[in-house]
Amino acid sequence: MALQSLDIKARSATTTPSPSVRETMEVAKLIDISKCIGCKACQVACMEWNDLRDEVGNNVGVYDNPADLTAKSWTVMRYAEVEVEQNKLEWLIRKDGCMHCADPGCLKACPSPGAIVQYSNGIVDFHQENCIGCGYCITGCPFNVPRISKQDSKAYKCTLCSDRIAVGLEPACVKTCPTGAIVFGAKGDMIHHAEGRVTDLKSRGYTNAGLYDPQGVGGTHVMYVLQHADQPSLYSGLPKDPSISAMVGLWKGVAKPLLSLGIGLTVLAGFFHYIKAGPNEVEEETEK
Amino acid sequence: MQVTRRQFFKVCAGGLGSSSLAMLGFSPNDALAEVRTFKLERANETRNTCPYCSVGCGILMYSLGDKAKNAKSSIIHIEGDPDHPVNRGTLCPKGAGLLDFVHSPNRLKFPEVREAGSKEWKRISWDDAFTRIAKLMKADRDKNFEAKNKDGATVNRWVTTGFLAASASSNESGYLTHKVVRSLGMLAFDNQARV
């Protein structure tokens with residue numbers, strides 16, 4: 001077993017503890033929606049770095065292209081035209097993709113050991129070689145991000161460019177952003193940067209501006225600066241208070257150990273029955 | 001193979017038992033997951049300027065192989081140059097997609113000519129291309145150059161030919177281009193300076 005370049009904090013369907021001695025810096029990507037011009041350089045840089053070339057789709061009447069996340073499009077720009085006030089049209093452009101939750105629903109729901117891992121720096125990464133293509137991660141995700149590929153029946157999503165961060169680089173989308181709407185760094189630094197942006201937006205009349213770092217999923221490692229933080233749903237349906245589905249919590253939290261215990265007890269009972277009562281002898285005649 | 005009812009039950013029970021044990025965690029551990037290996041580890045890094053618009057962003061081009069005699073280089077990745085004062089590492093969507101522009105099957109790699117009335121593009125050498133351009137320019141200039149206008153004022157203009165220059169030129173080459181074009185009297189002079 002090789003030492004990982006990033007320490008693993010949590011691993012899907014694994015109960016043994018992960019190495020936790022080394023303290024690595026928690027990182028975060030901050031997307032300032034007020035600075036985004038919707039040029040999609042991040043989409044292009046993402047595809048280029050990750051060697052993905054999605055099929056050329058069709059225009060669906062809006063700028064969203066592709067219209068949704070796919071196994072080969074790990075980030076998409078979502079363009080929302082909203083009238084927050086009467087006669088004041090706002091074009092809210094949100095870069096959608098994995099939020100890298102501190103408490104990841106996908107990892108919790110995943111039944112395949114090691115298919116989803118969370119690194120100690122906050123990245124939630126899928127390892128397709130262990131993926132069984134069951135799609136539980138999609139059910140578990142409060143942001144509807146993972147997608148199963150039709151090509152190989154495995155789930156894919158943004159890796160936060162874990163291969164770049166592991167060698168000390170920033171993600172490809174962050175690097176390319178021409179307006180500086182996407183920034184990357186230590187999570188504390190990103191929160192600090194966001195505070196400055198929120199103060200600026202408030203002084204410009206966006207009284208409800210704020211940082212989107214939802215605590216329902218333990219905070220995220222991809223955060224947004226929103227002009228209207230009181231109404232995240234304006235931004236193409238960003239959930240206001242995301243949390244992991246109760247079903248996932250029930251199944252993985254309570255039901256699974258109980259059922260595992262049930263199976264274990266059944267095996268044990270069978271064993272003792274065999275020891276005590278012995279095999280059920282059958283007459284040669286009955287067998288025939 | 002003859003399987004009795006009893007043997008069949010035994011096989012089923014054994015299978016169920018072992019798969020249950022595996023589900024309970026009594027199975028060998030998988031190798032721990034690692035991040036995708038950094039693909040530029042020893043790739044050759046070359047500085048260049050984005051060819052698209054006149055902003056002239058600096059780019060880093062990464063190519064396969066270390067330029068050893070027997071290794072054929074091929075560009076595998078392009079990203080912004082963080083040390084370049086113009087873009088400081090950023091690139092627009094066109095610049096960010098330069099890799100596919102470099103490897104595009106539609107990319108023009110040599111001079112071609114389509115003769116008047118012909119439907120076919122014909123490949124010619126650079127020497128032939130320059131000679132041809134020079135000859136045609138001279139013929140047109142000799143025919144249409146106006147030293148004076150109809151009121152007798154000196155104008156020294158040549159309005160029947162235009163010149164389109166590259167957007168990624170340096171200040172020096174831009175200066176030289178300007179001098180050459182203007183000294184010929186050419187007025188229609190533009191630059192592909194658009195994103």
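**Before selecting anything**

Residues count from 1 along each chain as its sequence is written, while chains are lettered from A and ligands numbered from 1 in the order in which they are written. Because the model is predicted, local features need pLDDT of at least 70 and side-chain atom pairs count only at pLDDT 80 or more, whereas totals for chains, interfaces and linings use all residues.

**Stop 1: chain A as a whole**

Select chain A. Its secondary structure comes to eight helices and 11 strands; helices (H or I, at least four residues) and strands (E, at least two) are DSSP runs, numbered from the N terminus. Along the principal axes, the C-alpha atoms of chain A fill a box of roughly 90 × 45 × 35 Å. Of its 288 residues, 42% count as buried. Buried means that 20 or more other C-beta atoms lie within 10 Å of the residue's own; exposed means 12 or fewer, and partly exposed is in between, with C-beta atoms placed from the backbone. Among contacts in chain A between residues at least 6 apart in sequence, 62% join residues at least 24 apart. Two residues are in contact if their C-beta atoms, placed from the backbone, lie within 7 Å.

Now colour 8–229 and 247–277 of chain A separately: these are domain 1 and domain 2. Such bounds come from an automatic or database domain assignment. The C-alpha centres of the two domains of chain A lie 39 Å apart.

**Stop 2: the four-stranded sheet**

Select S9, S2, S11 and S10 of chain A, which form an open sheet in that order with mixed pairing. Two strands pair if DSSP finds at least two bridges between them. Strand S9 (182–186) and strand S10 (210–212) of chain A are the edge strands, each pairing on one side only. Neighbouring strands in this sheet are turned by 25 degrees against each other on average, direction ignored. Axes are lines fitted to C-alpha atoms, for helices over the stretch in contact, and angles run from 0 to 180 degrees between N-to-C directions.

Zoom in on strand S11 (residues 222–226) of chain A. It runs parallel to strand S2 (residues 27–32) of chain A, joined by four bridges. A:Lys29 has A:Val222 as its bridge partner in S11(A), and A:Asp32 stands opposite A:Val225. Towards S10(A) there are three bridges, and the two strands run antiparallel; here A:Leu211 has A:Val225 as its bridge partner.

Five of the five residues of S11(A) are buried, so the strand is largely enclosed by the rest of the structure. A:Val222, A:Tyr224 and A:Leu226 are on one face, with A:Met223 and A:Val225 on the other.

**Stop 3: the three-stranded sheet**

Select S1, S5 and S6 of chain A, an open sheet in that order with antiparallel pairing. Strand S1 (8–11) and strand S6 (124–126) of chain A each have a single partner strand, so one side of each is left without a neighbour in the sheet. Here neighbouring strands are turned by 30 degrees against each other on average, direction ignored. Strand S5 (residues 116–119) of chain A pairs with S6(A) over three bridges, and A:Ile116 has A:Phe126 as its bridge partner in S6(A).

**Stop 4: helix H1 of chain A**

Select residues 41–49 of chain A. Nine of the nine residues of this helix are buried, so H1(A) is largely enclosed by the rest of the structure. Among them are A:Cys42, A:Cys46 and A:Trp49. After the helix comes A:Asp51, whose phi is positive, near 55 degrees.

**Stop 5: the contact between the chains**

Show both chains. The contact takes 32 residues from chain A and 26 residues from chain B. On the chain A side, H1, helix H4 (162–165), helix H5 (172–176) and helix H7 (246–277) each supply at least two residues. The chain A residues divide into 16 nonpolar, 10 polar and six charged. Ala, Val, Leu, Ile, Met, Phe, Trp, Tyr, Cys and Pro count as nonpolar, Asp, Glu, Lys and Arg as charged, and the others, Gly among them, as polar.

**Stop 6: chain B**

Select chain B, which has five helices and eight strands. Its C-alpha trace spans about 120 × 45 × 40 Å along its principal axes. Buried residues make up 11% of the 195 residues in chain B.
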